[in-house]
Structures are given as structure tokens and as C-alpha cells.
Amino acid sequence: GEMSLKLLAHSGGVRVVETTLAAVGLDEAALDRSADPCDDFYQYACGGWLAKAEIPADKPLWSRSFNVIDDSNTAYLHELLERASTSPGDDPVLQTIGDYYGACVDEAAIEKAGTKPIQGLRDQIAKVSNAKTLARAVAALHRAGANVLFGMGATPDERDATKMIVGIAQGGLGLPDRDYYLKDDAASTFLRQAYQSYVKQILELGGASAKAAAAAAADVMAIEIALAAASRTRVEQRDPEKMYNKIDRDGVTKALGKFPWAEYAQVKGVAEVIDIDVGSPAFLAGISELVAKTKPAAWRSYLDFHLLIATATLLPKAFDLAQFNFVRGLTGQAEQEPRWKRCARATDAALGDLVGQMFIRDRFGADSRDGAETQAKAIAKAFGANLEVLSWMDAETRAKARTKLETMFYQIGYPATWRTYDFPVSRTSYAENVLAARAFEDKRDLAKIGKPVDRLEWGLSPVTVNAGYSAQFNRMVFPAGILQPPFFSRDAALQVNMGAMGVVVGHELTHGFDDQGARFDDQGNLKNWWSAKVGEEFGKKTQCVDDQYSKYESLPGVTVNGKLTLGENIADIGGVKLAFAAYRALRAGAVEVTKASGFDEDQQFFLAMGQAWCTKRRDEMARLLVNLDPHSPPQWRVNGALADNPEFAKAFSCKVGSKMAPANACVVW
């Protein structure tokens with residue numbers, strides 16, 4: 001047509017090839033062409049999909065990327081694990097994962113075992129009569145995966161990133177956030193009542209009489225309200241300076257006061273450890289106060305309830321269903337996932353590197369790894385180029401940012417060495433398997449204390465549909481699980497892969513320089529490397545993002561928390577900018593460009609970004625995530641980040657002042 005002739009004349013011999021959206025890896029049916037891309041690009045890219053997609057009954061939300069990939073990965077696992085549990089042959093990997101999965105789906109055996117597998121732990125809880133026996137019981141429950149009082153594990157020392165020390169974090173709550181215990185609006189009050197009857201129901205299932213369970217549930221509630229009052233908010237927990245308190249063994253012993261750290265540490269095998277970092281010393285003081293005023297009987301109820309919910313999936317169905325019915329009130333999820341799905345996930349959680357070996361063999365090619373590597377390199381290069389032209393940076397800070405960028409590394413696909421699991425896996429007792437896996441993981445974690453940091457260890461299993469950045473390791477991780485269509489496909493056009501997966505890579509890289517990541521240096525040390533003036537400029541820029549996103553609504557009348565989501569929003573804005581610059585660099589000098597159903601390559605890039613985030617959420621889930629999720633709702637991850645990228649406005653010819661091209665966009669990086 002006329003357009004391509006014009007392009008030909010204009011671009012000195014670049015051929016324009018007319019093609020379809022499907023051919024480049026985009027979905028025509030997902031679009032809503034009646035929407036104005038300059039007004040609501042999310043609706044334009046996803047409206048067709050949003051109109052037709054249904055959230056499956058066993059999901060609280062449904063997205064075109066994460067959930068679709070996860071479903072396909074889980075279907076693969078289903079087939080693999082069913083085969084491994086019926087005919088593993090003489091392959092030890094298949095035998096182990098097959099037995100773990102086989103025991104998990106054997107509901108009759110689980111029903112028959114009852115609560116016997118946790119009887120030893122319940123006996124220990126029954127003996128709690130003072131602070132010493134309490135501390136020992138808490139340690140035993142931590143090994144069994146129960147969230148009581150606080151969390152404890154190995155962590156890199158944030159001021160000396162070469163060594164592993166003990167970290168202690170606040171914990172011990174059964175509701176998803178401290179605020180639910182402390183707010184007195186109608187919804188929070190209703191939720192507390194629902195939670196208290198859930199505690200009562202679980203304790204009754206555990207053998208208490210209705211009357212005793214009711215009194216015990218009130219005791220549990222009182223303990224958790226006190227813990228919540230001593231806890232920091234999610235926004236407060238985003239401040240790495242405030243969250244670093246290396247008070248060491250003496251400081252912890254003193255802060256915990258009435259709760260004897262020495263007893264706890266002895267059971268956990270860390271009694272000799274001196275280096276300890278605490279998220280909040282005030283929280284530990286709160287535990288001490290609680291121990292001083294709480295009757296042993298109340299502690300026994302609290303510990304028993306938390307043990308029962310931490311092991312609900314390996315106990316008779318009544319426990320599992322009680323737990324689901326409570327959670328469903330929070331998420332709106334209509335039905336529980338089928339047992340096989342949960343067992344496939346549980347097998348991956350316990351034996352991720354064994355499951356991962358099979359997944360890599362069957363579902364992940366070298367070309368996917370190379371493609372992701374090409375993206376990561378191009379995106380790092382784009383960040384470096386952008387660094388040179390930032391007017392608000394001075395030479396000294398710029399040099400340090402460049403060092404951080406050059407030191408940053410990434411893990412793609414799967415680990416270089418597979419982990420071994422030396423705990424027995426039984427075909428007959430799922431509960432024994434889970435408790436053995438948890439104890440093994442606990443021991444493996446604690447064994448790192450006092451050793452140098454292992455920067456090459458993987459934090460995510462290869463099947464995981466996610467990606468991450470760690471400020472303490474200054475590294476990004478992209479498991480094979482996410483490097484699947486529609487995020488990444490060997491058949492999709494480069495601009496489409498860059499708009500979907502490239503934006504994720506750019507997002508993770510930007511985390512190294514968001515309001516939290518920017519506090520850590522190239523080695524992962526919590527250290528201020530900013531000159532005062534540049535730091536102040538950076539603060540103004542991040543404030544702009546806070547203000548921008550705080551105006552967005554997640555549900556009618558419910559706004560996004562700009563402070564909670566600040567780091568992710570900075571990463572979203574930077575991710576798009578970097579991936580776009582990298583895509584342009586990789587396509588520079590191409591002699592042939594595509595026009596897909598009327599969209600040029602720049603537009604295809606942005607459509608890929610939009611379509612990767614098409615998501616439907618149940619209202620309950622959306623309401624819950626406003627309080628918990630550091631990410632903005634999907635429509636604002638798209639519209640917010642694109643409105644801050646002038647390249648988007650150019651691509652879709654948006655007039656300045658339209659919603660997607662505001663006059664004063666926020667740009668941090």
C-alpha cells in the first residue's frame with residue numbers, strides 16, 4: 001500500500017513486509033480496537049481478552065502470561081509425575097519425585113494416618129509450661145514450617161556482603177497483614193471475626209471441645225493482636241537502613257528479655273552464633289512483654305493452631321478444607337485446586353532441582369537460553385548508554401552506578417550444579433516426606449551461617465514462572481519456567497520478545513537502582529554511594545512516581561499505595577525504557593521490517609508489553625493485593641509505565657496532555 005511505498009522512499013531501501021499479528025507472536029483477538037490507545041492503552045491491548053476470559057473456579061486471578069504459562073508447566077509436571085509415580089524404571093530421580101508425588105495424591109493413606117504424624121510435635125506443645133519450654137517448642141515448630149512468633153534463617157550481612165549471619169524477622173500472624181488486626185473499619189472487624197471462628201474450627205478438628213476451642217481462639221487472637229501491634233508496616237519494612245539492626249547475640253538476648261534466646265538457639269543449633277541482624281528490635285521487645293503476661297495455656301493454643309495450619313495439606317481433608325474455606329473469603333477463589341495440581345507444586349517446592357532437571361530436558365532449549373542472554377546483554381548496554389546522558393547525575397555517582405551495572409550478573413534457565421536432597425522419601429507417608437523436606441531445608445539453610453556468601457546459589461526453582469533481582473547478591477535470575485510463550489518464544493519476532501520478556505529483564509535490572517536497590521553498592525553492601533546533591537535529585541524523582549501512582553484506582557474508591565509500590569513502579573518505568581532502547585539497538589540497520597496487521601515494529605513492541613499483563617482479578621483478590629502486593633495492579637503496570645515513556649506517545653501519535661502522554665511524566669532512570 002501507499003504507507004509501505006512512503007516508508008521505502010523514506011528509509012533508503014528498507015523493505016516493509018506486510019504480515020499478521022499472529023505471525024509476529026501477538027494476539028489480534030486480545031485487542032479492543034475501539035479503545036483509544038492514547039487514553040487507556042491497557043484496554044486497547046487487552047480489551048478483547050478481558051471481555052472473553054473467565055477466571056477459572058480454582059484461581060483468584062487469571063493472566064494471559066503468568067497463569068497460562070504456569071498452567072502449561074503444571075500440565076507438563078502432571079504428566080511427568082504421574083508417569084514417575086507409576087513406572088519410574090530404574091531412574092533414581094524419577095523414583096524420588098514419583099514417590100513424593102505418589103504419597104501426596106494418596107488421600108486414603110493421609111486420611112488413615114490422621115494427625116499421628118505430628119503427634120510428637122503436639123506432645124511437645126502440650127508440655128509448654130514456662131518460657132524455656134515455650135522457646136524449645138517454637139524452635140521445633142520452626143523446623144516443621146510453622147509461622148510462630150518470628151522468622152529466623154541465614155542471611156548475608158548487609159554491611160558485609162561476603163559473610164552469612166543469622167537474620168531474625170517479625171512473624172507469627174495468621175492473617176496476611178498486621179493492619180487487619182489493628183484497623184477498626186467494618187471489613188477488618190468482619191475479617192477478625194471470621195478468623196477467630198476459623199481458629200476455633202481448627203482447634204476443634206484437633207480434638208478440643210467446642211467450649212474449650214472458643215476460649216482458646218480468643219487467646220490466640222489476643223496474642224496475634226499484640227504481635228501485630230509490635231510489627232512494622234509493609235511500607236516501613238521497605239527501608240533497608242531501618243531494617244538493618246546488627247545487635248548480635250547479646251542484643252537479641254536482651255531484646256527478647258523474657259523469651260530465652262539461648263534455649264531456642266540450642267534446639268536450632270545456632271547457640272554459638274554471635275552475628276545476628278534483626279529487622280525490628282522493638283518487635284523482639286514486644287515478644288518479651290507477651291511472654292511476661294501470657295498464660296502457658298494460651299501459648300499452647302497458639303502453637304497448636306499454627307502447627308495444624310502449617311501442616312493442613314498433609315492432614316485429613318477436614319483440615320485442608322477448613323483452611324481453604326477461610327482463605328477463599330480473602331481471595332474470592334470459588335473452589336480448591338484439584339489435589340494433583342497442589343501435589344505437583346508441592347513436589348517442585350520440596351525437590352525443585354530434581355523436577356527441574358526433567359523440565360529443562362523436555363521444555364527448555366539452548367536457543368531460549370541464548371535468546372534471554374542476548375536480551376540481558378542488550379538491556380545492560382542500554383542502561384549503560386542511558387547512564388551517560390542522565391543530566392541529574394554527577395561524574396562521581398555515575399562512575400559508581402556504572403561499576404554496579406558492570407558487576408551485576410544474571411542466572412538464566414537453571415543452575416550450573418544441581419542440588420542433592422539427602423532425606424528419605426517414602427511412598428506411604430506424605431506427612432513424613434513433607435516434615436523431612438522442611439527439616440532438611442532448615443538444616444541446609446542454617447549450615448550457611450558463618451560461611452562466605454554463595455553468589456551462585458539459585459533462589460527459584462527452574463519451573464518457576466517468575467524472575468527476580470537480589471540487592472544483596474547484585475544479581476538477576478530468570479528461570480526456564482518464565483522463558484516460555486507469551487513472555488518468550490523462539491517463534492516470536494524480536495520486538496515482541498523484547499516487549500514481553502525484555503521488559504521483565506529491564507524491570508529486574510532497574511531494581512538494582514530503585515529506591516531500595518540504590519542503597520546497596522556493587523558488592524551488595526548497604527552503603528550510601530550517592531553524592532548529597534544527586535541523592536536529593538533522586539529523591540525528588542522517586543517522589544514524582546509515588547504521587548503519580550497514588551492517584552490510580554485499583555477498585556472504585558480504592559487507590560494504589562504509592563509508597564508500598566514505589567520500587568516496583570520505578571522498575572516498571574525503567575524496564576520499558578531499557579527494553580525499548582535495547583530492541584532499537586538490536587534492530588538497527590535491519591533491511592527488512594514488518595508491519596503486522598497495520599502495526600509497525602515500535603507499536604508491536606508496546607502491544608507485546610501490554611498483552612503480557614492482560615489480567616482479570618476477583619474483587620476480593622484485588623482488595624487483598626492493594627494491602628499486600630508491592631506491584632501495582634496490571635492495568636497501571638501498563639498504563640503508568642507507558643505514560644512515563646515518551647517513545648510510547650510517539651509510536652501511537654498521542655497528543656501531549658492525553659492520559660498516555662502527560663505533560664509532566666515521571667522519569668527516574
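These questions and answers cover a predicted model of one protein chain.

Q: How many helices and how many strands are in the protein chain?
A: The model is predicted. Its protein chain holds both kinds of element. The count is 29 helices and 12 strands.

Q: What radius of gyration does the protein chain have, and why does it fit a compact globule?
A: The chain has 669 residues. A compact globule of that length would have a radius of gyration near 26 Å, so the chain agrees with the rule. Along the principal axes, the C-alpha atoms fill a box of roughly 85 × 60 × 50 Å. The radius of gyration of the protein chain is 26 Å.

Q: What percentage of contacts between residues at least 6 apart in sequence join residues at least 24 apart?
A: Buried residues make up 56% of the 669 residues. The contacts in question are those between residues at least 6 apart in sequence. The share that joins residues at least 24 apart is 74%.

Q: How many Å apart are the centres of the positive and negative side chains?
A: The chain carries 77 positive and 84 negative side chains.

Q: Is Phe 41 buried or exposed?
A: Phe 41 is found in helix 3 (residues 41-52). Beyond four places in sequence, Phe 41 touches residues including Phe 606, Leu 642, Phe 648 and Phe 652. Phe 606 in turn touches Phe 41, with Val 576 and Phe 580 also among its partners. The relative accessible area of Phe 41 is 0%, so Phe 41 is buried.

Q: Which strand do the buried residues of helix 19 pack against?
A: Helix 19 spans residues 352-363, and its buried residues include Leu 354, Val 355, Met 358, Phe 359 and Ile 360. The buried residues pack against helix 4 (66-86), helix 5 (92-105) and helix 18 (339-350). They also pack against a strand, at residues 409-413. That strand is strand 6.

Q: Is Glu 79 buried or exposed?
A: Glu 79 is in helix 4. The relative accessibility of Glu 79 is 55%, and the cut-off for exposed is over 50%. Glu 79 therefore counts as exposed.

Q: How many Å apart are the C-alpha atoms of Leu 256 and Gly 286?
A: Leu 256 lies in helix 13 (residues 248-256). With a relative accessible area of 0%, Leu 256 is buried. Outside four places in sequence, Leu 256 is in contact with Trp 261, Leu 284, Ile 287 and Ser 288. Leu 256 and Gly 286 are 30 residues apart in sequence, and the C-alpha distance is 8.0 Å.

Q: Which residues does Ser 368 contact, leaving aside its neighbours within four places in sequence?
A: Ser 368 is found in helix 20 (residues 366-388). Its relative accessible area is 5%, so Ser 368 is buried. Its contacts are Phe 488 and Arg 490.

Q: Is the peptide bond from Pro 485 to Pro 486 cis or trans?
A: Most peptide bonds are trans. Pro 486 sits in the loop between strand 8 (475-479) and helix 23 (494-511). Omega for the bond from Pro 485 is near 5°. The bond is cis.

Q: What is the phi of Asn 474?
A: Most residues other than glycine have a negative phi. Asn 474 is found in the loop between strand 7 (468-470) and strand 8. At 0% relative accessibility, Asn 474 counts as buried. Asn 474 is not a glycine, yet its phi is positive, at about 50°.

Q: Is Ser 597 buried, partly exposed or exposed?
A: Ser 597 is in the loop between strand 11 (592-596) and helix 26 (601-612). Its phi is positive, near 45°. The relative accessible area is 30%, so Ser 597 is partly exposed.

Key:
Residues numbered from 1 in each chain as written. Predicted model: local features only at pLDDT ≥ 70, side-chain atom pairs only at ≥ 80, totals over all residues. Heavy atoms only, no water. Helix = DSSP H or I, 4+ residues; strand = E, 2+ residues; numbered from the N terminus. Buried < 20%, exposed > 50% of the residue type's maximum accessible area, 1.4 Å probe, protein only. Contact = heavy atoms within 4.5 Å. Rg over C-alpha atoms; globule rule 2.2 N^0.38 Å. Lys, Arg positive; Asp, Glu negative; His and termini not counted. Charge placed at Lys NZ, Arg CZ, Asp CG, Glu CD.
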